[in-house]
Amino acid sequence: MIQTSIWWGFLTLGPLVYWLLPQRWRTSALAAASLGLLAVFAFYDVLVMLALGLIIFVAFRVPTRLTANLPKSVISALGSPWPIWSVFLYFLWSKYLPALMHVFSGGGVG
């Protein structure tokens with residue numbers, strides 16, 4: 001990742017653009033640029049993170065009058081930490097477990 005021109009472009013242009021923008025736009029621009037950089041290197045992981053963010057946003061922003069007819073189990077599941085744990089387990093399973101299995105099977109680091 002660090003050897004790519006996209007990374008070095010982000011690293012050199014990011015701070016320059018950040019300081020040239022008006023202060024009210026800086027946070028949003030930095031978040032958008034970071035999300036774009038992540039999407040270049042790990043597109044499916046960004047999709048998972050965006051889906052999780054949408055689920056959590058909807059779970060806590062849905063008015064009570066709309067959830068009044070839902071079963072209590074659904075309401076408690078939406079307000080629970082299970083979406084966060086599911087993404088944690090996804091990243092553990094897809095990113096770290098294969099590397100750990102490679103190391104522990106005698107393949108070495110790298």
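**Helix packing and aromatic contacts**

Helices α1 and α2 are roughly antiparallel to each other. In this predicted model, α1 spans residues 5-20 and α2 spans residues 23-41. The two helices pack at an angle of about 175 degrees, and their axes lie 10 Å apart. Angles over 145 degrees count as roughly antiparallel, so this pair qualifies. On the α1 side, the contact is made by I6, W7, F10, Y18 and W19. On the α2 side, R26, L30, A33, S34, L37, V40 and F41 take part. Ten residues of this contact are nonpolar, one is polar and one is charged.

R26 lies over the face of Y18, at 5.4 Å from the ring centre.

Helix α3 covers residues 43-61. It packs with α2 at an angle of about 130 degrees, with the axes 5 Å apart. The helices α2 and α3 are therefore oblique to each other. From α2, the contact draws on L35, L38, A39 and F41. From α3, it draws on F43, V46, M49 and L50. Eight residues of this contact are nonpolar; none is polar and none is charged.

Three aromatic pairs were found in a search of the whole structure. One of them joins F43 and Y44. Their rings sit 5.7 Å apart, centre to centre, with 75 degrees between the planes. The geometry is edge-to-face. F43 is partly exposed, with a relative accessible area of 44%. Y44 counts as exposed, at 61% relative accessibility. F43 also belongs to the α3 side of the contact with α2.

Methods
Residues numbered from 1 in each chain as written. Predicted model: local features only at pLDDT ≥ 70, side-chain atom pairs only at ≥ 80, totals over all residues. Heavy atoms only, no water. Phe/Tyr/Trp six-rings, centres within 6.5 Å; stacked < 30°, edge-to-face > 60°. Buried < 20%, exposed > 50% of the residue type's maximum accessible area, 1.4 Å probe, protein only. Lys NZ or Arg CZ within 6 Å of the ring centre and 35° of its normal. Axes fitted to C-alpha atoms, helices over the stretch in contact; angles between N-to-C directions. Helix = DSSP H or I, 4+ residues; strand = E, 2+ residues; numbered from the N terminus. Parallel < 35°, antiparallel > 145°, perpendicular 65-115°, else oblique. Contact = heavy atoms within 4.5 Å. Nonpolar A, V, L, I, M, F, W, Y, C, P; charged D, E, K, R; others polar.
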